[in-house]
Amino acid sequence: MQSPVKIWRNQKNIAQLLGKTGMIISWTLVRVPPGDFMDQAPYPVVLVELEGGKRIEAQLVDWNSAHLVFGTKVKTVVRRVMHPDPDGVIPYGIKVKPVS
Amino acid sequence: MKTFVAGVATTKFGELWSASPRGLARLAVFGALKDADIDSKDVQALFVGNMLSGMLGGQEHLGAFFAEELGLSVPAFKIEGACASGGLAIHNAVNSLMSGQYETVVVLGIEKMTDHKPEDVATALMGAGSEEERLAGATFPGLYAILARVHMREFGTTEEDMAAVAVKNHYHATLNPNAQFHTAVTVDQVMRSSKVADPLKLLDCSPISDGAAAVVLSTKRTKRSVEVIASVVATDTLGLAQRKSLTELSATQKASEKAYTLAGMDAKDIDVAEVHDCFTIAEILATEDLGFFPKGKAASAIQRGSATIGKAKRVVVNPSGGLKGCGHPVGATGVKQIAELVEQLRGNAGARQVKKARVGLAHNVGGSGATAVVHILEI
């Protein structure tokens, strides 16, 4: 259940994580997704260690299979997380993309 | 104060479209009371282990709901701890006896999952993870796949090694009349099953299941009762990103270390164990973290038959078929594990009987290791 208030409250967390780089320390390729992610599967979910040591879990975008290895360098970006529900507030969040 | 399991019952696990939660609860609870030879009017409290009734069924308030259905006008509680809800319910029931508040209580573990679409069940199960994991589109197979990938890199564990866990647990399930699956599988079949979250495949994953289990707990010893000699809960971070280590579930280690201390025992004293194999990698992690095998060595040991009925020299792991073969109605699993151990320790387990089993251990996990519950039982 999406909440516009919760989406709004999360905006500052997104800003704090923007523009960070790190590397993939583990990954999977989700082929059987939760309902809100049906149109995106299959997609990689990666565990990333950011510079400074903080770890995050995020979807990998703009990827190909060569990126799904230990040590791939990535950076954090803003993306739409899932389809908006009928309230129409778009849920944005952090995903990561390979650094070429 | 000592606590004893006086009676147990488990329903068939599986895709039970014709069964309602009410009907499953009656079968399990009245079965356990009959097994204990205790009248329902002597029950003083009801503890219900369940995770998803609100998100999937729209029914909360499960304590009163099942108390009404069972005709028990007693204090009743729903205990929730994701897939460890059943184990947590047992722990709370044990505590209520230890406190002197009650002398006889019933624990019901129950879940109805197959009435709903798989993507809705996957969404609901992600309630056990962190917000960050939900926004990443992660699933539980995906989270355990991330742990598997690290285990493979650190210890050389292979996909075939993981498949051997499914082969063992499906074999054990063929010996259990209440199991969801009565089909043996081969490593090759596991390897060729469709991918769910790489490197985990369909046959690496426990199924979506319906089912219920119940146990009657009492402060009085009877001829057929089994003593609960340790009941311990530990917690860890909800999400994987906040964990110190990805090659172990530290909640399992913490809970089992304390349980062994309370019981005055060691891992080598356990004859039979029901462990939380929601995925094949999870049994490998569990049997290492519980101290049955050294870190990094469980996969090859399980593959050699070191945890299989009739072959194991020490502990037999998941004689019921585990979550993988017996099925995983999430709130029921932790209670079913206790019911299985009681049958094993009484020597009533039929074709899947572990010979000379005197001490049993149950290990129930919530989420990707955020809750771990360990019980040790002795006859």
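1. Contact here means heavy atoms within 4.5 Å. On that basis, and leaving aside neighbours within four places in sequence, Asp289(B) is in contact with Glu248(B), Leu249(B), Thr252(B), Gln253(B), Ser256(B) and Lys295(B). The model under review is a predicted one. Asp289(B) is placed in helix α11 of chain B, which covers residues 280-289. Its relative accessibility is 6%, and buried means under 20%, so Asp289(B) counts as buried. One of the contacting residues, Gln253(B), is joined to Asp289(B) by a side-chain polar contact of 3.1 Å.

2. Gln180(B) lies between α8 (159-174) and α9 (187-192) of chain B. With a relative accessible area of 18%, against a limit of 20%, Gln180(B) is classed as buried. The side chain of Gln180(B) makes a polar contact of 2.6 Å with the side chain of Ser209(B). Beyond four places in sequence, the residues that Gln180(B) touches include Lys12(B), Phe13(B), Gly14(B) and Glu15(B). Also among them are Pro207(B) and Ile208(B), together with Gly325(B), Cys326(B), Gly327(B) and His328(B).

3. The sheet of chain B deserves a separate point. Its 10 strands form an open sheet with mixed pairing, in the order β3-β2-β4-β7-β1-β8-β12-β11-β9-β10. The edge strands are β3 (76-79) and β10 (316-317) of chain B, each of which pairs on one side only.

4. Within that sheet, strand β8 of chain B (residues 226-235) has eight of its 10 residues buried and is therefore largely enclosed by the rest of the structure. On one side, β8(B) runs antiparallel to strand β1 of chain B (residues 3-10), to which three bridges join it. Here Thr3(B) stands opposite Val228(B). Strand β12 of chain B (residues 371-378) is also antiparallel to β8(B), and eight bridges join the two. In this pair Ala230(B) stands opposite Ile376(B).

5. The order continues from β12(B) to β11(B). Strand β11 of chain B spans residues 359-366 and pairs with β12(B) in the antiparallel sense, over eight bridges. His363(B) has Val374(B), in β12(B), as its bridge partner.

6. Two helices of chain B illustrate the packing of buried residues. In α5(B), the residues Glu119(B), Val121(B), Ala122(B), Ala124(B) and Leu125(B) are buried. The buried residues of α5(B) pack against α2 (53-57), α7 and α14 (330-346) of chain B. Ala67(B) is found in helix α3 of chain B, residues 62-70. At a relative accessible area of 7%, Ala67(B) is buried. Apart from residues up to four places away in sequence, Ala67(B) touches Leu46(B), Leu72(B) and Ala76(B). The C-alpha atoms of Ala67(B) and Phe77(B) are separated by 9.2 Å, the two residues being 10 apart along the chain.

7. The interface of chains A and B involves 26 residues from chain A and 28 residues from chain B. The two chains bury about 2300 Å² between them, and 57% of this area is on carbon and sulfur atoms. Two salt bridges are found across the interface. One salt bridge is formed by the side chains of Arg31(A) and Asp198(B), with an N to O distance of 2.7 Å.

8. On the side of chain B that touches chain A, the elements giving two or more residues are α5 (118-125), α6 (131-135), α7 (140-155) and β5 (195-198) of chain B. The largest share, seven residues, comes from α7(B). By residue type, this side of chain B divides into 13 nonpolar, five polar and 10 charged residues.

9. Strand β1 of chain A (residues 21-30) and β5(B) pair in the antiparallel sense over two bridges. The bridge partner of Val30(A) in β5(B) is Ala197(B). The salt-bridge residue Asp198(B) falls within the range of β5(B), residues 195-198.

Notes:
Residues numbered from 1 in each chain as written. Chains lettered and ligands numbered in written order. Predicted model: local features only at pLDDT ≥ 70, side-chain atom pairs only at ≥ 80, totals over all residues. Heavy atoms only, no water. Buried area = accessible area lost by both parts, 1.4 Å probe. Salt bridge = Lys/Arg side-chain N within 4 Å of Asp/Glu carboxyl O. Helix = DSSP H or I, 4+ residues; strand = E, 2+ residues; numbered from the N terminus. Nonpolar A, V, L, I, M, F, W, Y, C, P; charged D, E, K, R; others polar. Pairing = 2+ DSSP bridges. Buried < 20%, exposed > 50% of the residue type's maximum accessible area, 1.4 Å probe, protein only. Polar contact = N/O pair within 3.5 Å; in protein donor to acceptor, adjacent residues only side chain to side chain.
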